[in-house]
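Here is a set of questions and answers for someone meeting this structure for the first time. Please look over the sequence and the model before reading on.

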Amino acid sequence: MAASVQHVLGHPLKLDGASSPVLAFEPFDLPSTNQRVLGAPHPPNSVIPLALRPSTHDDAEVSLDTVVDTIKSLQAQDGLLTKKLARHGTLLFRGLPIRNAEDFSKFAHAFGYRPHEIIGIVVDRPLLAPNVAPANEAPKEVLIYNHNESPQVPHAPEYIFFYSHRAPAKGGETPISSSLEIFARAQQEIPEFISELAQKGILSKVTYKVNKQYEGNSTLRQAFGKEIKDGDDAATKRAKIEAQIARYGRGKYTTWEWIDDDDTLVLTHRLPAIRTQPETNLPTLFTGLAAYYKTAQLNQSARRNITTQLFGDGTPIPEKYLAHLAKITDELRVLHKWQQGDVLVYDNIIAQHGRQPWEGEQADRVVLASLFDGEVPGAYVDEDWAQVVQALDG
């Protein structure tokens, strides 16, 4: 595997016209457990992740300012790194001088993307630096299976940055898989499921409560209460939460119900699970269906009950299809073994991530995340219910 990957990695990324640049990013190969050559419909000789490390003239020490300036300059070359993401799905940067949340924030913002405003968050993500928060603080024993970020709501980021501030000795890997490749395999192997999914979409029911439902879960106020102030009465809080939901702008395809004396909000979206990658128009399976199936299989009951997904007409999705989807994902994914300081960058539209359990202490693994918006991906089927959005200003 190493030889075949090495053969397709390509040339260093450097500034146009710079024969001896101050800094270039050189591709390098990873073990076969961490990296693979992608199949159709990706272009030939594409690997996931594309691994890059800084290279300087005479092996001079790399400064964060130089890294940031180089990233900005590469992006000024017709979005060079964005195009690499659109081809490979995920980039790994290793050997960068990133030491903390503030350094990570500067690196992520250098790509020039618009920070993502999270509405309807289901996990607790306290802000640590500009647009930087913990990736997920669920207990170390919990498996978070491959998924695209925020598939259960109509407002998802396009780009996700993960930074390893502390890496465990054993376990804690971050999975990487191609949503394009998973769709292609599923269309070939379970075409009747893909046809029904395209026609009906999914009905996503998400439950929010005033208090956390499991460790690492968000509260109702964290999800929709950014305008709530201490001292607001119950009616005012409810109105402010509903105003945030209305920013999805999806009319009858996003509805909600208050239960348990307004202690619980059940939000229902009819959404596309199949979308199209911008520019290529390739279909991509943008979903967490396999993850919800795996969670149910492992009897992680608290997490399982947060989100329920059905076909868009309200009928159950047969378990045989979900199991087959998980089987395909298992066969296609790689597990990224973190080194401290690593940064993974995902094109969320075409690449899935997750989190493996780890041994040792909870604090042995610290991964931070930064989310950004891009072009809203088009729906695979041109239907009103398939509208996906970046939330309306407000």
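Helices and strands are DSSP runs numbered from the N terminus, where a helix has at least four residues and a strand at least two. The model discussed here is predicted.

Q: How many helices and strands does the chain have?
A: In this predicted model, the chain contains both kinds of element. The count comes to 11 helices and 21 strands.

Q: What radius of gyration does the chain have, and why does it agree with a compact globule?
A: The chain has 394 residues, and a compact globule with that number would have a radius of gyration near 21 Å. The C-alpha trace spans about 65 × 50 × 40 Å along its principal axes. The value for the chain agrees with the globule rule because it, too, is 21 Å.

Q: Which residue does a cis peptide bond join to Ile48?
A: Most peptide bonds are trans. A cis bond, with omega near 10 degrees, runs from Ala40 to Pro41, and Pro41 is found in the loop between strand S2 (36-37) and strand S3 (47-48). Another cis bond has omega of about -10 degrees and joins Ile48 to a residue placed in the loop between S3 and strand S4 (50-56), and that residue is Pro49.

Q: Does Glu279 count as buried or exposed?
A: Most residues other than glycine have a negative phi. Asp262, in the loop between strand S12 (254-259) and strand S13 (264-271), has a positive phi of about 65 degrees and counts as partly exposed at 31% relative accessibility. Glu279, in the loop between strand S14 (274-276) and strand S15 (283-285), has a positive phi of about 75 degrees. Its relative accessibility is 75%, and therefore Glu279 counts as exposed.

Conventions. Residues numbered from 1 in each chain as written. Predicted model: local features only at pLDDT ≥ 70, side-chain atom pairs only at ≥ 80, totals over all residues. Heavy atoms only, no water. Rg over C-alpha atoms; globule rule 2.2 N^0.38 Å. Buried < 20%, exposed > 50% of the residue type's maximum accessible area, 1.4 Å probe, protein only.
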